[in-house]
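Below is a short report on side-chain contacts and strand pairing. It covers charged pairs, one hairpin and aromatic rings.

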Amino acid sequence: GKDHRHLYITCKVKDSELISGGKGTQTGSGVYLYLDTNNDCLGEPAEGVYKIWCSYKGDLSVWQGNRGEWEAMKPNGIRVTPKMAEGGYELNLSIPLKNSFNKKEMRISASLSTKNYVETLVNSDEKKSCTWIKMSLYP
């Protein structure tokens, strides 16, 4: 959901074997979220495209697209509330909506990280927002 200041995303994950890769490692049990905040449908990471890693413990890393590459950045107000759930975990993210973001439509994708591998949504490429799901945003 969203309000006039934030985009809210909840990830409910079933994972019976939670693994901590350690803070700052972006490994182990967690979720990658990808946002094309301008709905530009791009073939590579660029301005307005973000990659967010969140471990099941709430450890957070953020990258922004720049000329085909991911560049690390500070979380800049992104908040996460992790919660253990039966058979897995839940992550509640609050992402500030910048003035430059499209407030009506974005593109989104996700990858699930487990003990041994990372799996992205079918037919999605983490670097190509043109392969991500179109998301309509209503207040």
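## Basis and terms

Buried means under 20% relative accessible area, exposed means over 50%, and partly exposed lies in between (1.4 Å probe, protein chains only). The model is predicted: local features need pLDDT of at least 70 and side-chain atom pairs count only at pLDDT 80 or more, while totals for chains, interfaces and linings use all residues. Residues are numbered from 1 along each chain as its sequence is written, and side-chain values use heavy atoms, with hydrogens and water left out.

## Salt bridges

A salt bridge here is a side-chain nitrogen of Lys or Arg within 4 Å of a carboxyl oxygen of Asp or Glu. By this rule the count is three.

Lys51 is bridged to Glu126, with 3.6 Å between the closest N and O atoms. Lys51 belongs to strand 3 (residues 49-55) and Glu126 to the loop between strand 9 (118-120) and strand 10 (133-136), so this pair ties together parts that are 75 residues apart in sequence. Lys51 is buried, at 10% relative accessibility, whereas Glu126 is partly exposed at 27%.

Glu105 and Lys134 form a salt bridge with an N to O distance of 3.5 Å. This pair also links distant parts of the chain, with Glu105 in strand 8 (residues 105-113) and Lys134 in strand 10, 29 residues apart. Glu105 is partly exposed at 26% relative accessible area, and Lys134 is partly exposed at 47%. In the salt bridge of Glu90 with Lys83, the closest N and O atoms are 3.9 Å apart. Glu90 is buried at 14%, while Lys83 is partly exposed at 46%.

## Charge over a ring

Lys51 also lies over the face of Trp63, at 4.9 Å from the ring centre. The criterion is NZ of Lys or CZ of Arg within 6 Å of the ring centre and within 35 degrees of the ring normal.

Two strands pair if DSSP finds at least two bridges between them. Strand 4 (residues 60-66) and strand 5 (residues 69-73) run antiparallel and are joined by five bridges. Gln64 stands opposite Glu71 of strand 5. Two residues lie between the strands of this hairpin, in which Arg67 takes a positive phi near 50°.

## Aromatic pairs

A pair of aromatic rings is described by the distance of the centres and the angle of the planes. Rings of Phe, Tyr and Trp (its six-membered ring) pair if their centres lie within 6.5 Å; planes under 30 degrees apart are stacked, over 60 edge-to-face, and the rest tilted. Six aromatic pairs are counted by this rule. One of them is the stacked pair of Tyr32 and Tyr34, with 6.4 Å centre to centre and 10° between the planes. Tyr32 is buried at 10% relative accessibility, as is Tyr34 at 1%.

The ring centres of Tyr34 and Trp132 are 5.7 Å apart and their planes are at 40°, so this pair is tilted. Tyr34 lies in strand 2 (residues 30-36) and Trp132 in the loop between strand 9 and strand 10, so the pair ties together parts that are 98 residues apart in sequence. Both Tyr34 and Trp132 are buried. Which residues do ring pairs link into a cluster? They are Tyr32, Tyr34, Trp53, Trp70 and Trp132.

Conventions
Helix = DSSP H or I, 4+ residues; strand = E, 2+ residues; numbered from the N terminus.
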